[in-house]
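Here is a short note to read beside the model. Please keep the 3D view open and follow the points in order.

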Amino acid sequence: MGTVARDGADAWQLLVQTYTSEVNSPYLFEVAGLVLGLLLGSFLNVCISRVPQGESVVRPGSRCGSCGKAIRWYDNVPLLSWVVLRGRCRDCCAAISWRYPAVELAVGVWFAVQAGQLWEAFSFSLLSAGHMGTAFDVASQVILHVGLAVLGWLLIGLLVMDWQTMLLPDAFTFSGMGISFLLVCVQAVFLGPTEDQVILGAHHLRLASPGNVVDHGNVFLTGPENMLGTWLVATVGAAAILLMVRWLYKVVRHREGMGLGDVKLLAMMGAFLGFWPAVLSLFLGVVLASAYSIVLLVRRRAGGATRVPLGSFLAMGGLITALVGSHLIDTYKSFLR
Ligand SMILES: [Zn+2]
């Protein structure tokens, strides 16, 4: 299994190396990302309309929300059809929400950015002349950006669904956790024999045999154990923070302030991004939600019992963190110095 994966990675590495040295620009990667993102954004629109209602995302095909006529394939081209039809149904002229092209464009741009960053990682650090990353390094970069692309798709969907329906479907949050777990497993396959292993030198294990011979050995985590352990701590840890906030709110205010959907959403962000970036996402989400509430209060659009879709703001926090989180953390650290 390991050797097969390694041979595959080497062949792939060679292919990408040839491409990055011959074609000195990220455009091909970005255009491929954009097209794939537009298509998956179109599918995301179907999910947003149907998943909260518990309907199938496969059947029936797309229909107009007003007249119920099936949408022709040439009226279903992402982004372009909406522009050509000027946001109206071809049959009944009912307005089609700008949400459709906006979601398609957002997913398209997100995928293009991830593809561009992957190209950059290849051309500047992993496969440039004189510096060759290990199979694990290359696999890690591919998995990182595939993971971030999937996370963006899920977060954009959850953002819109929570805003429209106040629901954060398990079909998205639990699937996200499952996909990120699978990605960590695939990444672990590419580990070298001692790569990423952690020796817990401080804790010596006392091994006592029945014959009462006492031996001391190192306690250590192998690479895969370390990676899967980190994933588990990040996921459970992120969920635990919000569960605690939720419990505190209940004790103080004597009512539910937050659904379990928000807890699962933050756990999913922890699974993809890690524990501290999930904390940063939560912080940004709460700041954005508070700013939005203040605007509503000032405009007298809301009272004390108005519900703000917290999940939408958490998803925004997650998107910002995935995009520029490492820069934010670096800037913060430079202030502390
Ligand atoms: Zn119509």
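This is a predicted model: local features need pLDDT of at least 70, side-chain atom pairs count only at pLDDT 80 or more; totals for chains, interfaces and linings use all residues.

1. Helix α7 (residues 223-253) packs against α8 at an angle of about 150°. Their axes are 7 Å apart. Angles over 145 degrees count as roughly antiparallel, so α7 is roughly antiparallel to α8. The crossing of α7 and α8 is right-handed.

2. Now the residues at that contact. From α7 come Trp231, Ala234, Thr235, Gly237, Ala238, Ala239, Leu242, Leu243 and Arg246. They meet Asp262, Val263, Leu266, Ala267, Met269, Gly270 and Ala271 in α8. By class, the contact of α7 with α8 holds 11 nonpolar, three polar and two charged residues.

3. Turn to the other partner. Helix α8 (residues 260-273) also packs with helix α10 (residues 310-336). Here the angle is about 10°, and the axes are 10 Å apart. Angles under 35 degrees count as roughly parallel, so α8 is roughly parallel to α10.

4. Which residues in α8 meet α10? They are Gly261, Asp262, Leu265, Leu266, Met269 and Leu273. On the α10 side are Leu310, Gly311, Leu314, Ala315, Gly318, Thr321 and Ala322. The contact of α8 with α10 divides into eight nonpolar, four polar and one charged residues.

5. Next, the core. In soluble globular proteins, nonpolar side chains tend to be buried together. The largest nonpolar core in this model has 64 residues. Val107, Ile156, Leu158 and Leu266 touch the most other members. Eight helices each supply at least two residues of this core: α2 (27-50), α4 (99-126), α5 (135-165), α6 (170-189), α7, α8, α9 (275-298) and α10. Which helix gives the largest share of this core? That is α5, with 15 residues.

6. Look at Leu158 by itself. Leaving out residues up to four places away in sequence, Leu158 touches Leu168, Phe172, Leu265, Gly311 and Ala315. Leu265 belongs to α8, while Gly311 and Ala315 belong to α10.

7. Finally, step back to the whole chain. The protein chain has 10 helices and two strands. From the N terminus, the order is α-α-α-α-α-α-β-β-α-α-α-α. How many of the 337 residues count as buried? The share is 32%. Among contacts with a separation of 6 or more, 74% join residues 24 or more positions apart.

Terms used
Residues are numbered from 1 along each chain as its sequence is written. Helices (H or I, at least four residues) and strands (E, at least two) are DSSP runs, numbered from the N terminus. A residue is buried if 20 or more other C-beta atoms lie within 10 Å of its own, exposed if 12 or fewer, and partly exposed in between; C-beta atoms are placed from the backbone. Two residues are in contact if their C-beta atoms, placed from the backbone, lie within 7 Å. Axes are lines fitted to C-alpha atoms, for helices over the stretch in contact, and angles run from 0 to 180 degrees between N-to-C directions. Angles under 35 degrees count as roughly parallel, over 145 as roughly antiparallel, 65 to 115 as roughly perpendicular and the rest as oblique. Ala, Val, Leu, Ile, Met, Phe, Trp, Tyr, Cys and Pro count as nonpolar, Asp, Glu, Lys and Arg as charged, and the others, Gly among them, as polar. A crossing is left-handed if the near helix is turned anticlockwise from the far one by less than a right angle, and right-handed if clockwise. A nonpolar core is a set of buried Ala, Val, Leu, Ile, Met, Phe, Trp, Tyr and Cys residues joined through C-beta atoms within 7 Å.
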